[in-house]
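Visitor: Pick one spot in this model and take me through it slowly, please. I'd like to see how it ties in with the rest.

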Amino acid sequence: MITEHDGSSLATRITRHLNIRRVRDRVTATGGCLQPVHLSGYRVVTDRATGRTLDHHAGTVYAPCGNRRESVCPACSDRYAADAFHLIRAGMTGGKSIPETVADKPRLFVTLTAPSFGAVHGRRTTRTGRRIPCGCGEHHHDADTRVGTAIDPETYDYRGAVLWQGHTGDLWHRFTIRLRREIARAAGIKVSEFADHARLSYAKVAEYQKRGLIHFHAVIRLDGPDGAHDPAPAWVDNTLMEHAVRAAVETTHVSRQYMIDGESTEHVFTWGQQIDVRPIRPAHAAQIERDDGEISDRALAGYIAKYATKGTSTSEVPDRPIRSERAIEHLDVLPHHRRMIATAWELGASEDLAFLRKWAHMLGFRGHFLTKSQRYSVTFTTLRGNRRTHQHIATLEALGTTPDSVTVVNHWNYTGNGHNNPEEREIAEAIYEGKRLQRKDKLAKENQP
């Protein structure tokens, strides 16, 4: 029962209650998105047989912003991470239209790193776990912001680091070509005939190291010629794959000629010396790694999905592109990373390297944080489409009808984004936090022995 107690009229308080409920429903529909897209227009659902209008909605609705950065929108970043998990895992264990037999194929978890461009501060330990001094002579604690930054900025090769970063996509592409050649050579078949015998499938994510350079985590799988549904050739196993990967890393390079400061110079880009290659075992175990270095499917999929969003939400880089050189001075980043951003901007003055200005805020990295080969698994588009279809069918079921018996007309226009006031944003934050806790609790129950 509603009674007057705060001096406002009954009608005013009913209206306020209805507005809050309307706002909550609108925000809930986005999963607690903090930067929702405003769409104004209408939707009409009409029965095809009778022409009767079953549902009509007009006004403004919210749609998720879809931003992958946790610092911008935790809710959409979480949704992207969940999709990344299912995409990665389907390529390892099956599901989402991918056969379970992919778990029986040769599969490796590979980490490729950047070369050294100069000494950086680090937390060094011996094999027994004893701390030893950094190259600067000090012992760095875990929260020391100097870790990963140049010990001597004046001798650190910032240009080389930024240029390497800008060519990691080319380097990865060249690596996959080289890997096919190495596998063919190990199998005793002609490189030109590799596609008749096998298909290389992979999914990889990029992660920033403290020094501001990218390294790649990749799941690499070998299929038959037609992809995931085709058995791998009998002559391949994880040992052959590992030898091929290591050989490909050592021999892969990308060469480019650039005019910088009026001088034409050839630049050769290679992988760093640190490489980690581990076999992936079936998904029945809970731990991520055994004593022999093998990794389980489920834990690895979550591990890689985490990096798919971690790369877009890192303290090493700002959230948005750089618009002017002056803006670099005011960025809330460490001096080491500011120097990389400034170097990318400076190199971008060259016509051949103009792309570096667009990606200066990413320290020169211009690739996607999660990419996959065509036949590795399902796509993000498919996962999102399935989610929309599920929501569409649920809406029609609530109306007592089916997709085949109705005509749906949607007419929406973009009219803005963000929340209208702090109170609305607080509701969104609370909704997201509630969903996050529910998901965490569900996961904990699923992982109970």
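Guide: A word on labels before we zoom in: helices (H or I, at least four residues) and strands (E, at least two) are DSSP runs, numbered from the N terminus. The model is a predicted one, so local features need pLDDT of at least 70 and side-chain atom pairs count only at pLDDT 80 or more, while totals for chains, interfaces and linings use all residues. Numbering runs from 1 along each chain as its sequence is written, and side-chain values use heavy atoms, with hydrogens and water left out.

Let's start at Asp-261, in the loop between E8 and E9. Its phi is positive, about 55 degrees, although Asp-261 is not a glycine. That stands out because most residues other than glycine have a negative phi. At 65% relative accessibility, Asp-261 counts as exposed (that's over 50%; buried means under 20% and partly exposed is in between, using a 1.4 Å probe and protein chains only).

Asp-261 has a partner. Its side chain meets that of Arg-159 in a salt bridge, 2.8 Å from N to O; the term means a side-chain nitrogen of Lys or Arg within 4 Å of a carboxyl oxygen of Asp or Glu. Arg-159 lies in helix H3, whereas Asp-261 is in the loop between strand E8 (254-260) and strand E9 (263-269), so the pair ties together parts that are 102 residues apart in sequence. Arg-159 is partly exposed, at 28% relative accessibility.

H3 (residues 158-165) packs against H9 (residues 335-347) at an angle of about 70 degrees, and their axes are 9 Å apart. Axes here are lines fitted to C-alpha atoms, for helices over the stretch in contact, and angles run from 0 to 180 degrees between N-to-C directions. H3 and H9 are therefore roughly perpendicular to each other, a label for 65 to 115 degrees; under 35 is roughly parallel, over 145 roughly antiparallel, and the rest oblique.

Which residues in H3 meet H9? They are Tyr-158, Arg-159, Ala-161, Val-162, Leu-163 and Gln-165, and across from them in H9 sit His-336, Arg-339, Met-340, Thr-343, Ala-344, Glu-346 and Leu-347. Contact means heavy atoms within 4.5 Å. By type, the contact of H3 with H9 has seven nonpolar, three polar and three charged residues, where Ala, Val, Leu, Ile, Met, Phe, Trp, Tyr, Cys and Pro count as nonpolar, Asp, Glu, Lys and Arg as charged, and the others, Gly among them, as polar.

For a contrast, look at Lys-105 and Asp-223, whose side chains form a salt bridge at 3.0 Å, N to O. Lys-105 lies in the loop between helix H2 (74-93) and strand E3 (107-112) and Asp-223 in strand E7 (residues 214-223), so this pair ties together parts that are 118 residues apart in sequence. Here Lys-105 is buried, with a relative accessible area of 8%, and Asp-223 is buried too, at 0%. Along with Arg-221, they are linked in a network of salt bridges.

Stepping back, a search of the whole structure finds 18 salt bridges. The protein has 12 helices and 13 strands, and of its 449 residues, 42% count as buried.
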